Amino acid sequence: MSYFGESFLVILTFLCVFVTRSAYGLPKVRPIDDVQPRQTLAVHNKIRAEVGVAPLVWNKTVAAYAQNYANKQAKAGVCQYSQMRHSGGPYGENIAAGWVQPKDQMSGPIATKFWYTEKPNYDHATNKCKDTCGHYTQIVANQSFSLGCGSFRCHDNELIYIVCDYYPMPVGDADTRPY
């Protein structure tokens, strides 16, 4: 093949990839790739161990519920965090969102670390929050023993939502401490 033929082939390939990507957005991503079950579970259990709470196990039924809810949100076009609502289902639930980034891209483990930042807001002595701490107390609630998460993407795959559900749902009242 001549130089002109090779160059033409390279340019044609580039144009096909560019047009396809422009028309269809970023490549499809499987939700499980964003969730990262093993790593998400490990981060949860490290946080729980800090306060002496038994580890969680991955629950496929709870994960299916979380993914089903995430799919409904995606289908409904819920892409603004202010539009996102909890499922109201039978499980405790944490939701986080973040943009695709070269480093520390939103994922199950990153969402869990984000929720963990609420720890200083929880006062164990009074069992009260000085500021937002419900995501953290959800992670460490000793009434829950299993976890399942799902995800969905918006804005051409560039915004990632993580939905984690906890079974059984913790009591979460003023008289019940998470640990």
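Student: How far apart are the sulfur atoms of cysteine 129 and cysteine 133?
Tutor: The sulfur atoms of cysteine 129 and cysteine 133 are 1.7 Å apart, and the two residues form a disulfide. A disulfide here is a pair of cysteine sulfur atoms within 2.5 Å. This is a predicted model, in which local features need pLDDT of at least 70 and side-chain atom pairs count only at pLDDT 80 or more, while totals for chains, interfaces and linings use all residues. Residues are numbered from 1 along each chain as its sequence is written, and side-chain values use heavy atoms, with hydrogens and water left out.

Student: What is the handedness of the disulfide of cysteine 129 and cysteine 133?
Tutor: It is left-handed, because the torsion about the S-S bond of cysteine 129 and cysteine 133 is about -50 degrees.

Student: Is cysteine 133 buried or exposed?
Tutor: Cysteine 133 is buried, with a relative accessible area of 1%. Buried means under 20% relative accessible area, exposed over 50%, and partly exposed in between, with a 1.4 Å probe and protein chains only.

Student: How many disulfides are there by this rule?
Tutor: The count comes to three disulfides. One joins cysteine 79 to cysteine 154, with an S to S distance of 2.2 Å. Cysteine 79 lies in the loop between α4 (60–75) and β2 (92–99), and cysteine 154 in strand β5 (residues 146–154), so this pair ties together parts that are 75 residues apart in sequence. Helices (H or I, at least four residues) and strands (E, at least two) are DSSP runs, numbered from the N terminus.

Student: What is the torsion about the S-S bond of cysteine 79 and cysteine 154?
Tutor: The torsion is about -85 degrees, so that disulfide is left-handed. Cysteine 79 is buried at 17% relative accessible area, and cysteine 154 is buried at 4%.

Student: Which cysteine is joined to cysteine 149?
Tutor: Cysteine 149 is joined to cysteine 164, S to S 2.1 Å. Cysteine 149 lies in strand β5 and cysteine 164 in strand β6 (residues 159–167), so the pair ties together parts that are 15 residues apart in sequence. The torsion about their S-S bond is about 105 degrees, so this disulfide is right-handed. Cysteine 149 is buried at 4%, and cysteine 164 is buried at 0%.

Student: What is the pairing if the bonded cysteines are numbered in sequence order?
Tutor: The pairing is then 1-5, 2-3, 4-6.

Student: Changing topic, what does tyrosine 65 touch?
Tutor: Leaving aside residues up to four places away in sequence, tyrosine 65 touches Ser87, Gly89, Pro90, Tyr91, Glu93 and Asp165. Contact means heavy atoms within 4.5 Å. Tyrosine 65 is found in helix α4 and is partly exposed, with a relative accessible area of 24%.

Student: How far apart in sequence are tyrosine 65 and aspartate 165?
Tutor: They are 100 residues apart in sequence, yet 8.0 Å apart in space, C-alpha to C-alpha. Across the protein, 70% of contacts between residues at least 6 apart in sequence join residues at least 24 apart.

Student: Where does pLDDT stay under 50?
Tutor: It stays under 50 over residues 2–27, for which the model has seven contacts beyond four places in sequence. pLDDT is the predictor's confidence in each residue, from 0 to 100. Where pLDDT is low, the predicted coordinates should not be read in detail. The protein averages a pLDDT of 84, and 82% of the residues score at least 70.
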